[in-house]
Amino acid sequence: MPDLENEIRNMIAEIVEKDPSQVTLDAKFFEELGMDSMMALEIMAGMEKKYKITIPEEKLTKLTTLRETVAVAREYLEKNNA
Amino acid sequence: MLNIEEIQKILPQKFPFLMLDRVLELEPGKKIIALKNISINEGFFGGHFPGMPVMPGVLIIEAMAQAAIIMLCSPKEGLADSKAAYYLASVKMRFSHPLTAGDQLKIEVEPIKIISGAGLVKAKASAGDKEVASGELSFSRKNG
């Protein structure tokens, strides 16, 4: 299993243009990191490409913190490996 | 594959802001290849730049965005809706070669991730055998 947490943290930091240290596990994307729904779509697409997974649209609203986002990526990675 | 009459039925953009002349290939939702012929009569050449006609890069992005709209709402899909409004959200683009009068701009667009009401696409522009620009665009759509 790759270091999902750090890989996704760096991806998010690049999209929201913040230092990775600010993307803590529970920092709220929208309120604290200045994210908008289009950036969330970029994160979703970025994870799909990096991990060769497909994440359904309804999961977009789950992407609210790094912790939740890693959980979504892990869920679909596990489905792929099952 | 689509002529200018058909393009005009799909795109919400109208004269003088149509940045495509013809669609060569279209797989609805999957891929589009479209053309724009660049003439010295283009209005923007008057100021961009006097004595040195260069097509503005932002208009190449506009041509890519229009191709993306056609790819996503092909009449064959029954989704054509020229009342929908499209809002560009982000652009990641690298330009590698300038375009001038006489060039034929070829645009290729493929989806990266499309959801209801928004999308992220990969776009490439070329002229002859030269790559002109490549990158990604994201946009949202509000139905009219």
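**Stop one: a covered helix**

Select H2(B) and look for its buried residues: Ile60(B), Ile61(B), Ala63(B), Met64(B), Ala65(B), Gln66(B), Ala67(B), Ala68(B), Ile69(B), Ile70(B), Met71(B) and Leu72(B). Here, buried means that 20 or more other C-beta atoms, placed from the backbone, lie within 10 Å of a residue's own. That's 12 of the helix's 16 residues, so to speak mostly covered.

Before going on: this is a predicted model, where local features need pLDDT of at least 70, side-chain atom pairs count only at pLDDT 80 or more, and totals for chains, interfaces and linings use all residues. Residues are numbered from 1 along each chain as its sequence is written, while chains are lettered from A and ligands numbered from 1 in the order in which they are written.

**Stop two: chain A**

Now select chain A, which has 4 helices and 0 strands (DSSP runs: H or I of at least four residues for helices, E of at least two for strands, numbered from the N terminus). Its C-alpha atoms fill a box of roughly 35 × 25 × 20 Å along the principal axes. Of its 82 residues, 28% count as buried.

**Stop three: where the chains touch**

Show both chains: 10 residues of chain B are in contact with 8 residues of chain A (contact means C-beta atoms, placed from the backbone, within 7 Å). On chain B, strands E3 (85-95), E4 (104-115), E5 (118-127) and E6 (130-142) each give two or more residues to this side. Which element gives the largest share? Pick E4(B), with 3 residues.

Technical notes: Two residues are in contact if their C-beta atoms, placed from the backbone, lie within 7 Å.
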